Amino acid sequence: MFKIRGMRGFLTSSIGVTCAAALTLPAAALNMPSAAAAPAERTTTAGGRPNEDGALAGSTRSLPLVPRTRDRVLGQAPEQGLYRDDLEDFSLVGVSWDNPGTELHGLVQVRTRSAATGHWSGWQDVETHNAHGADPDTAEADSGHVHGGTAPLWVGDSDGADVRVRAELDDDPGPRGSTPTGGHDLLPAGLRLELVDPGEETPPQGPPADMPRTGTEADAAAAVNTDLAPFGATEIPALDRQATEDELEQLTGVPRAKPYIGPRPRIVTRRGWGADESLREKGFVYTGKVKAAFVHHTASGNGYKCSQAPSVIRSIYRYHVVSMGWRDIGYNFLVDKCGTIYEGRAGGVAKAVRGAHTLGFNNNSMGIAVIGTYGSSKPSAAAVTAIARLTAWKLGLFGANPKGKTYLKSGGGNLYPKGKNVRLNVISGHRDGYATECPGAKLYAKLGSARTSSARLQGR
């Protein structure tokens with residue numbers, strides 16, 4: 001095993017995971033090319049190196065998948081996979097591929113071995129239609145580092161992985177033994193298994209006011225919230241309604257006869273969840289205002305404890321930046337199933353920070369992701385309440401009515417062409433701006449309740 005130390009060396013790799021039909025042969029017996037013919041694995045930011053805040057940095061390993069079928073024959077789809085039982089610990093997996101404009105049409109499954117018990121999990125599906133990302137024709141999208149990828153899956157502390165990816169066959173397979181020339185029966189080029197170790201979380205030492213300012217990116221991420229909390233605070237405390245209204249006037253400099261803003265909720269800062277600020281791109285990118293909120297689920301599974309949420313977020317952050325090639329985590333905020341709200345993309349929780357959450361509609365909007373998968377599982381009442389409280393405050397800063405409608409101009413996507421003005425709910429689901437299952441049917445069904453509660457919190 002070898003490791004490449006350095007933040008960006010890994011970004012030229014690709015990530016992709018697809019579900020496959022069950023295999024009956026062990027990995028060792030499958031017809032695979034020799035290891036020498038496959039691209040090398042890469043490790044970026046190895047565990048053991050402290051980040052800017054002194055916490056133990058995590059790592060990301062990128063392992064190339066190998067073919068498990070050489071030629072397409074009648075009734076047999078192209079398939080790739082990988083089996084490894086000699087891995088360093090990881091807690092989150094995903095699959096990437098070279099071209100972010102290529103979709104993976106097929107099935108993806110993974111099973112992992114627990115580092116604690118040595119037992120293998122059952123096969124788990126990985127969401128292949130990951131419709132997040134920076135808008136087309138933006139610096140983030142055109143950086144040359146961006147890849148296609150699945151949603152990440154939280155698997156807990158593991159040291160072995162088995163992944164299988166099978167393409168979806170076209171209805172017309174063509175002559176027996178023929179080579180496909182198009183359609184959905186080809187897998188994206190450069191499939192790689194991404195294994196993410198979130199690293200350890202070290203509790204910040206000393207009061208925030210005593211933190212030395214050294215000019216690092218950690219300082220920059222902390223400084224943009226100093227209107228709301230002391231420099232370096234691990235959380236932004238909740239305020240009552242009157243204090244929130246007073247703060248609104250201080251932030252905007254414009255008194256409002258009727259503020260229509262909900263009480264500010266408690267928000268765990270990036271320092272609070274242990275973000276390694278050296279991973280992301282320097283600086284911040286802003287939009288003009290926040291006219292709408294898009295609600296997402298992370299599709300990373302529900303098998304986490306609320307105490308593990310910071311680790312899950314650090315893993316998603318690393319997956320978005322190192323594996324997907326984005327400038328920072330895609331979401332502006334995250335919410336765990338206990339209702340705790342976390343700062344997402346850096347730039348200031350009260351500011352209009354441009355995210356990479358809803359492809360085509362990142363301008364003048366914010367993205368809120370509930371950690372978990374909510375296609376068939378109901379979100380907790382605490383998570384829905386947190387969405388209402390967060391939107392009542394943040395939308396209130398910009399004068400937006402949570403029960404209202406607004407227009408956003410599409411930056412280009414699979415649902416609306418670039419330049420089209422689209423009328424949307426001020427609180428929308430991801431699927432309202434992009435053809436996707438996100439935020440899951442069960443969470444999407446709760447958005448009406450969130451709108452009503454959010455508007456009530458604003459005093460409407």
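Predicted model: local features only at pLDDT ≥ 70, side-chain atom pairs only at ≥ 80, totals over all residues.
At 1% relative accessibility, F361 counts as buried, where buried means under 20% relative accessible area, exposed over 50% and partly exposed in between, for a 1.4 Å probe and protein chains only. Y416, at 21%, is partly exposed.

Numbering runs from 1 along each chain as its sequence is written, and side-chain values use heavy atoms, leaving out hydrogens and water.

Now the rings. Searching the whole structure turns up 5 aromatic pairs; rings of Phe, Tyr and Trp (its six-membered ring) pair if their centres lie within 6.5 Å, and planes under 30 degrees apart count as stacked, over 60 as edge-to-face and the rest as tilted. F361 and Y416 have ring centres 6.0 Å apart and planes at 85°, so they sit edge-to-face. This pair links distant parts of the chain, 55 residues apart: F361 is in the loop between β16 (341–343) and β17 (365–370), and Y416 in the loop between β18 (405–409) and β19 (421–425). Strands here are DSSP runs (E, at least two residues), numbered from the N terminus. Together with F294, F361 and Y416 form one aromatic cluster.

| Arginine | Ring | Distance from ring centre |
|---|---|---|
| R111 | W120 | 4.5 Å |
| R270 | Y317 | 5.1 Å |

Technical notes: Helix = DSSP H or I, 4+ residues; strand = E, 2+ residues; numbered from the N terminus. Lys NZ or Arg CZ within 6 Å of the ring centre and 35° of its normal.
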